[in-house]
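Hi everyone, thanks for making the time. I'd like to walk you through one model today, so please have a look at it before I start talking.

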Amino acid sequence: KRRMTDVEFLKLTSVKDVMISDHLQTTHVTNKAKEALEQLQKHHITALPVFDPEKERFVSFVDMVDLPTFATKILDEADLKETKPAGYFEFLNAHDKFKAGDVGTVSNMSNRDAYLQILEGADMKTAVSALMDFGPIHPLAVVGASPPNNLVGLLTQSQIFGWVHDNINKFPSIKDRTVADLGAFSANPKT
């Protein structure tokens, strides 16, 4: 009996079966950067999809790297010297310049999480290819076909790694190989 290949398994699995869809956290372009920071911290997540009500769709992500990137662009040396907070969040929240910034200005300021969306009916091969081809992308926005651009979930790298782990026996080309065999930590991976 012929075994299914890795690619065949990826093509048979829908993004909808792997994505995160419960308790999605989102924000709006007009919300304050401080609110986005608090939301990321409260929910222990690294990125939020950003909705633009004028365009009636999600347009970007704001993440944990965008916020300090924004802070470094707006705070001067005097601002940095005057505050000696206990931690990262306290530092950012101590400055009025930071608190006044809006999510629309801050989102993707670090160029770390480009906004890319994929239809919920797409297969995992398409999703994995998108993450690899359009990097650096950490989450993929999963949208429904009707209404168009309706966010129905997120597909994160962590979610994909967990899914691969749970289904490792369906990946014959990697299941018995070491990280070194795969070249995962080298400049030229051997996939």
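**Around helix 8**

By contact I mean heavy atoms within 4.5 Å, and helices (H or I, at least four residues) and strands (E, at least two) are DSSP runs, numbered from the N terminus.

Before going on, a word on the source. This is a predicted model, in which local features need pLDDT of at least 70 and side-chain atom pairs count only at pLDDT 80 or more, while totals for chains, interfaces and linings use all residues. Residues are numbered from 1 along each chain as its sequence is written, and side-chain values use heavy atoms, with hydrogens and water left out.

Now, which residues of helix 8 are buried? They are Met124, Ala127, Ala130 and Leu131, where buried means under 20% relative accessible area, exposed over 50%, and partly exposed in between (1.4 Å probe, protein chains only). These residues lie on the same side of helix 8, because they cover an arc of only 125° around the axis; the arc is that of the directions from the helix axis to the C-beta atoms. On the face turned away from the buried side, helix 8 carries the exposed residues Met132 and Asp133. At the start of helix 8, a side-chain oxygen of Asp123 comes to within 3.0 Å of the backbone nitrogen of Lys125. A polar contact here is a pair of N or O atoms within 3.5 Å; within protein, one must be able to donate a hydrogen and the other to accept it, and residues adjacent in sequence count only if both atoms are side-chain atoms.

**The cores**

The largest nonpolar core has 18 residues, and the members that touch the most others are Val15, Ile118, Met124, Ala127, Leu140, Leu155 and Trp163. Two or more residues each come from helix 1 (6-12), helix 8 (124-133), strand 5 (139-144) and helix 9 (157-166). Helix 8 gives the most, with four residues. A nonpolar core, for us, is a set of buried Ala, Val, Leu, Ile, Met, Phe, Trp, Tyr and Cys residues joined through side-chain atoms within 4.5 Å.

What does Met124 contact, leaving aside its neighbours within four places in sequence? The partners are Leu10, Thr13, Ser14, Val15, Val18, Leu155, Ile160 and Trp163. There is also a second, separate core of 16 residues, and Leu40, Leu48, Val62 and Val103 are among them.

**Strands**

Strand 5 and strand 6 pair in the antiparallel sense over six bridges; two strands pair if DSSP finds at least two bridges between them. Leu140 has Leu155 in strand 6 as its bridge partner. Strand 6 is largely enclosed by the rest of the structure, because five of its seven residues are buried.

Elsewhere, an open sheet of three strands runs in the order 1-2-3, with mixed pairing. Its edge strands are strand 1 (27-28) and strand 3 (57-63), each pairing on one side only. Strand 2 (residues 47-52) runs antiparallel to strand 3, and six bridges join them. Val50 stands opposite Ser60 in strand 3.

**Helix 2 and some backbone angles**

Helix 2 (residues 33-43) has Ala33, Ala36, Leu37, Gln39 and Leu40 buried. Their arc around the axis is only 160°, which puts them on the same side of helix 2. His44 follows helix 2 with a positive phi, near 55°.

Most residues other than glycine have a negative phi, but His23 has a positive phi of about 55°. His23 sits in the loop between helix 1 and strand 1 and is exposed, with a relative accessible area of 73%. Glu56 also has a positive phi of about 55°. The place of Glu56 is the loop between strand 2 and strand 3, and Glu56 is exposed at 64% relative accessible area.

**The whole chain**

To finish, the protein chain has 10 helices and six strands. Of its 191 residues, 36% are buried. Among contacts between residues at least 6 apart in sequence, 59% join residues at least 24 apart.
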